[in-house]
Amino acid sequence: MTCEHQLLAAKVPDVLPSTVQSSANFSMAAGDFLKVYTEPDEWDCVATCFFIDCAPNVIEFVESIYNILRPGGFWINLGPLLYHYSDIQCSEDTIEPPYDILRDIITDVGFVIVKEKTAVKTKYAQNPNSMLQHEYNSVFFVCQKPATIDTIFTILVNDNTQAHTCVQCLEGENGKAKKHHTQRRRR
Ligand SMILES: C[S@@+](CC[C@H](N)C(=O)[O-])C[C@H]1O[C@@H](n2cnc3c(N)ncnc32)[C@H](O)[C@@H]1O
C-alpha cells in the first residue's frame, strides 16, 4: 500500500538459535528428513508445518514419522497438499494423494486421528501489507501412535485409576492399544 510497506525489512532468521537457552533441548539438522531421523521410538512428538507435500512419496514421510515416534507419541501437522513434485520431471516415481486418501494412509500406517480440521485459512511467506494475498485451505490434524502393552503397564503402575481401561486394551491386536485407551488418556 505504501513505500514503507514495499521496503519493509525482513530478518532471517527471525529468531536467533543462539538466543535459545542453553538448557533447552534444541537442535537443528540439515539433510533429508528420511535419512536424518531414523531412530525408532525416539520422539514424543513430531510437528510438521507446510512440509509433508514436499515429499515425492508422502507415504514414506508418514511411515517415517510413525517409526520415529515412541508408542503413545503425537504427530501434529498443518499445511496444504500442494505437492511440490507434481509438475516437475523426476527420476523417482511421485504420488499426489488427495486428503481423503492420505487420511486413509495415515490410519492404515497405524495412527489414530485425535483432532482434525480441514479448510483452515492459512497464509505462507508473504507481505501482509500487499494488495495480493494468497490463502491456503490447509488441513490441521493431531494423530497418535497407539501405546503398546508395555506402555500401558507403565501407566498401570503409575496410575491405577486406568486399570479398567487398560484391561480392555490388553485385548488389542498386534500389541497395540485399542483406540478407547488413548481417548481416555487425553481427558
Ligand atoms: C514449505 S517449506 C516450510 C518450512 C517451515 N516448516 C515453515 O513452516 O516455514 C518446506 C521446507 O521443507 C524442506 N524439505 C523438503 N523436503 C525435505 C526433506 N526430504 N528433508 C528435509 N527437509 C525437506 C524444504 O527445503 C523447505 O525448507
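Predicted model: local features only at pLDDT ≥ 70, side-chain atom pairs only at ≥ 80, totals over all residues.
The chain contains seven helices and four strands. Along the sequence these elements follow the order α-α-β-α-β-α-β-β-α-α-α. The chain has 187 residues, of which 16% count as buried. Among contacts between residues at least 6 apart in sequence, 68% link residues that are at least 24 apart.

Helix α3, spanning residues 58-68, packs against helix α4, spanning residues 99-109. The angle between the two helices is about 35°, and their axes lie 10 Å apart. The crossing of α3 past α4 is right-handed. On the α3 side, the contact is made by V58, I59, V62, E63 and Y66, and these meet L102, I105, I106 and V109 of α4. By class, the residues of this contact comprise eight nonpolar, no polar and one charged.

The largest nonpolar core has 14 residues. Those that touch the most other members are V58, F61, V62, I65, W75, I106 and C143. Two or more residues are contributed by each of α3, β2 (69-79), α4 and β4 (136-144). The greatest contribution is that of α3, with four residues.

V58 was examined individually. This residue is located in helix α3. V58 counts as buried because 22 C-beta neighbours lie inside 10 Å, the cut-off for burial being 20 or more. When neighbours within four places in sequence are left aside, V58 is in contact with I52, D53, I95, P97 and L102. V58 and I105 are separated by 47 residues in sequence, whereas their C-alpha atoms are 9.5 Å apart in space.

The C-alpha atoms of F51 and Y83 are 9.7 Å apart, although the two residues are 32 positions apart in sequence.

Most residues other than glycine have a negative phi. D41, which is not a glycine, has a positive phi near 55°. D41 lies in the loop between α2 (33-36) and β1. With 13 C-beta neighbours inside 10 Å, D41 is classed as partly exposed. A125, also not a glycine, has a positive phi of about 45°. A125 is found in the loop between β3 (112-122) and β4. A125 is exposed because 7 other C-beta atoms lie within 10 Å, the limit for an exposed residue being 12 or fewer.

Key. Residues numbered from 1 in each chain as written. Contact = placed C-beta atoms within 7 Å. Axes fitted to C-alpha atoms, helices over the stretch in contact; angles between N-to-C directions. Left-handed = near helix turned anticlockwise from the far one by under 90°. Nonpolar A, V, L, I, M, F, W, Y, C, P; charged D, E, K, R; others polar. Core = buried A, V, L, I, M, F, W, Y, C linked by C-beta atoms within 7 Å.
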